[in-house]
Amino acid sequence: MTPAERSVAGLAAEGLSNPEIAARLFVSRGTVKTDLAHVYAKLQVANRTELARATAEHSARPEGVAVRGPG
């Protein structure tokens with residue numbers, strides 16, 4: 001993810017609305033919507049609930065520990 005996408009994802013996972021995120025980051029609501037669409041695609045999640053879960057799982061891992069997929 002880009003730094004902007006990480007910022008938007010973190011704030012969305014904390015429960016902020018798109019207008020609140022836009023105001024906090026000094027960007028347009030459209031930028032927030034676009035960044036969230038990119039984040040959802042990259043993380044393969046469908047909504048904010050899944051985003052919050054993915055963010056929590058990622059932050060719970062120790063730094064430098066990779067999660068490996070099957071195979």
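Guide: Leaving aside neighbours within four places in sequence, Glu5 is in contact with Asp35, His38, Val39 and Lys42, where contact means heavy atoms within 4.5 Å. This is a predicted model, in which local features need pLDDT of at least 70 and side-chain atom pairs count only at pLDDT 80 or more, while totals for chains, interfaces and linings use all residues. Residues are numbered from 1 along each chain as its sequence is written, and side-chain values use heavy atoms, with hydrogens and water left out.

Glu5 lies in helix 1; helices (H or I, at least four residues) are DSSP runs, numbered from the N terminus. With a relative accessible area of 4%, Glu5 is buried, a word that stands for under 20% relative accessible area, as exposed does for over 50% and partly exposed for what lies in between, with a 1.4 Å probe and protein chains only. The side chains of Glu5 and His38 are joined by a polar contact of 3.2 Å, that is, a pair of N or O atoms within 3.5 Å, of which, within protein, one must be able to donate a hydrogen and the other to accept it, and residues adjacent in sequence count only if both atoms are side-chain atoms.

Helix 1 and helix 3 pack at an angle of about 90°, with their axes 9 Å apart; axes are lines fitted to C-alpha atoms, for helices over the stretch in contact, and angles run from 0 to 180 degrees between N-to-C directions. That makes helix 1 roughly perpendicular to helix 3, the word used for 65 to 115 degrees. Helix 1 brings Ala4, Glu5, Val8, Ala9 and Ala12 to the contact, and helix 3 brings Val32, Asp35, Leu36, His38, Val39 and Lys42. These residues divide into seven nonpolar, one polar and three charged, where Ala, Val, Leu, Ile, Met, Phe, Trp, Tyr, Cys and Pro count as nonpolar, Asp, Glu, Lys and Arg as charged, and the others, Gly among them, as polar.

Val8, also part of this contact, touches Ile21, Leu25, Val32, Asp35 and Leu36, not counting residues up to four places away in sequence. The largest nonpolar core has 13 residues, and Val8 is among those with the most contacts inside it; such a core is a set of buried Ala, Val, Leu, Ile, Met, Phe, Trp, Tyr and Cys residues joined through side-chain atoms within 4.5 Å.

Terms used:
Helix = DSSP H or I, 4+ residues; strand = E, 2+ residues; numbered from the N terminus. Parallel < 35°, antiparallel > 145°, perpendicular 65-115°, else oblique.
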